[in-house]
Amino acid sequence: MTTAPTPAPADGGTPSDARPPADASARRGSSPGKVSEGGTLNVFSHAFLIVWVVMAAGPLVWIALTAFRASGDILSDPMGLPGSLHWENFSHAWNEAKIGRYALNSVVILLGSLTGTMLLGSMAAYVIARFTFAGNRFVFLLFAGGMMFPVILALIPLFKMMDNFGLLDTRPGLMIAYIAYSLPFTTFFLTSFFRTLPSGVQEAAMVDGASHTRTFFQIMLPMAKPGLISIGIFNFLGQWNQYLLPLLLNSENENSYVLPQGLASLAVAQGYRGDWGALFAGLTIAMVPVLVVYAVFQRQVQAGLTAGALK
């Protein structure tokens with residue numbers, strides 16, 4: 001059985017079934033506009049990113065270049081380039097301005113405070129996220145509320161409490177203050193991360209006879225490595241640049257100053273002496289650890305921030 005051919009229109013035009021669909025022609029007609037719109041958006045986005053990079057990295061590059069200039073050249077031409085490299089600025093800042101001592105104090109205090117923050121924060125977050133008990137929600141909200149409490153409101157009670165316990169102008173006292181300052185955000189962040197981890201591995205470990213401590217340290221904690229690295233970087237930056245707490249709790253002995261305190265003291269002293277090269281050298285020394293840590297762990301930070309969303 002054959003189908004009769006479709007008769008041609010009387011006016012000799014194209015048959016209706018041979019004409020291209022109206023929506024296809026509309027799509028072909030609208031594609032140049034969409035391409036043009038997307039290209040314009042890309043131009044604006046790239047221009048914005050370039051401006052942002054210049055605004056963010058420009059001051060850092062200027063400080064690093066100025067650290068190699070003589071103090072007289074800095075005053076005569078602040079935005080100029082170094083004609084010769086004055087490495088003595090760094091030796092003056094490290095030895096005479098005691099930046100080396102201040103940096104060592106910061107490293108020692110940071111080792112204790114960062115370790116305590118990550119250990120206590122991960123343990124609290126694990127219990128809140130993986131166990132059900134009376135008051136679980138209240139404890140979580142208590143940590144979350146700690147992030148909204150301005151630290152400046154606690155300065156006087158904190159000073160009085162540290163004085164009563166004999167912890168003023170001591171490294172352990174400053175470590176405890178850093179841990180208390182960083183613990184709410186650390187627990188809040190890691191609680192959300194621990195909730196994304198699969199529960200089957202934890203249940204299998206418990207069935208095999210593993211204790212809660214062994215399950216946490218040998219199984220769950222390694223699985224949370226991306227989140228731990230991410231929050232560890234944020235805590236490192238916050239504690240390395242902390243100035244208000246050391247100014248309150250560690251101000252009697254100049255030899256016990258941390259790096260932000262030392263930089264503030266250097267800015268005052270070198271401003272009067274006119275040794276601006278040493279001042280910018282000290283700022284460069286303070287920036288280097290932060291830039292190195294972020295450059296090394298950049299991929300881990302990005303993976304940790306997106307792991308919860310991807311899972």
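Asp169 counts as partly exposed, because its relative accessibility is 30%, and this residue sits in the loop between H6 and H7. That is one stop on a short tour of this predicted model.

**Loop residues with positive phi**

- As background, most residues other than glycine have a negative phi.
- Asp169 has a phi near 55 degrees, which is a positive value in a residue other than glycine.
- Lys98 also has a positive phi, near 65 degrees, and again the residue is not glycine.
- You will find Lys98 in the loop between H3 and H4.

**Where H3 crosses H13**

- Helix H3 covers residues 88–96 and helix H13 covers residues 276–296; their axes come within 8 Å and cross at roughly 75 degrees.
- H3 is therefore roughly perpendicular to H13, since angles of 65 to 115 degrees are placed in that class.
- On the H3 side, the contact is made by Asn89, Phe90, His92, Ala93 and Trp94.
- On the H13 side, their partners are Gly277, Ala278, Ala281, Gly282, Thr284 and Ile285.
- Sorted by class, this H3 and H13 contact has six nonpolar residues, five polar ones and no charged ones.

**Where H4 crosses H9**

- The axes of H4 and helix H9 (residues 212–223) come within 12 Å, and the crossing angle is roughly 90 degrees.
- That angle is why H4 counts as roughly perpendicular to H9.
- H4 brings Leu119, Ser122, Met123, Tyr126 and Arg130 to the contact.
- H9 answers with Thr215, Phe216, Phe217, Met220 and Leu221.
- The residues of this H4 and H9 contact divide into seven nonpolar, two polar and one charged.

**Phe194, a buried residue in H7**

- Phe194 belongs to helix H7.
- Its relative accessibility is 0%, so Phe194 counts as buried.
- Leaving aside residues up to four places away in sequence, Phe194 touches Ser122, Ala125, Tyr126, Ala129, Arg130, Phe216, Met220, Leu221 and Ala224.
- Among these partners, Ser122, Tyr126 and Arg130 are also on the H4 side of the contact with H9, while Phe216, Met220 and Leu221 are on the H9 side.
- Arg130 is 64 residues from Phe194 along the chain, and the C-alpha atoms of the two are separated by 7.4 Å.

**Gly232, a buried glycine in H10**

- Gly232 is part of helix H10.
- A relative accessibility of 11% is under the 20% limit, so Gly232 counts as buried.
- Not counting residues up to four places away in sequence, Gly232 touches Leu114 and Met118.
- Gly232 and Met118 are 114 residues apart along the chain, yet their C-alpha atoms are separated by 7.0 Å.

**The largest pocket**

- The largest pocket holds about 340 Å³ of space.
- Its lining comprises 16 residues, and those nearest the centre are Phe149, Val151, Ala154, Ala180 and Tyr181.
- Helix H5 (136–147), helix H6 (155–164) and helix H7 (171–195) are the elements that give two or more residues to this lining.
- H7 provides the largest share, with six residues of the pocket lining.
- By class, the pocket lining has 15 nonpolar residues, one polar residue and no charged residues.

**The cavity**

- How many cavities of 30 Å³ or more does the structure hold? There is one.
- The space in the largest cavity is about 30 Å³.
- The residues around this cavity are Ser106, Ile109, Leu110, Tyr178, Gln239, Trp240 and Val258.
- Helix H4 (99–130) and helix H10 (225–240) each supply at least two residues of the cavity lining.
- H4 gives the most, with three residues.
- The cavity lining is made up of five nonpolar and two polar residues, and no charged ones.

How values were computed: Residues are numbered from 1 along each chain as its sequence is written. This is a predicted model: local features need pLDDT of at least 70, side-chain atom pairs count only at pLDDT 80 or more; totals for chains, interfaces and linings use all residues. Side-chain values use heavy atoms; hydrogens and water are left out. On a 1 Å grid over the protein atoms alone, a cavity is a set of points where a 1.4 Å probe fits but cannot get out, and a pocket is an open set with protein on both sides within 12 Å along at least five of seven lines; lining residues have an atom within 4 Å of a point. Grid points are joined across faces, edges and corners, and a volume is the space filled by probe spheres set on the points. Helices (H or I, at least four residues) and strands (E, at least two) are DSSP runs, numbered from the N terminus. Ala, Val, Leu, Ile, Met, Phe, Trp, Tyr, Cys and Pro count as nonpolar, Asp, Glu, Lys and Arg as charged, and the others, Gly among them, as polar. Axes are lines fitted to C-alpha atoms, for helices over the stretch in contact, and angles run from 0 to 180 degrees between N-to-C directions. Angles under 35 degrees count as roughly parallel, over 145 as roughly antiparallel, 65 to 115 as roughly perpendicular and the rest as oblique. Contact means heavy atoms within 4.5 Å. Buried means under 20% relative accessible area, exposed over 50%, partly exposed in between (1.4 Å probe, protein chains only).
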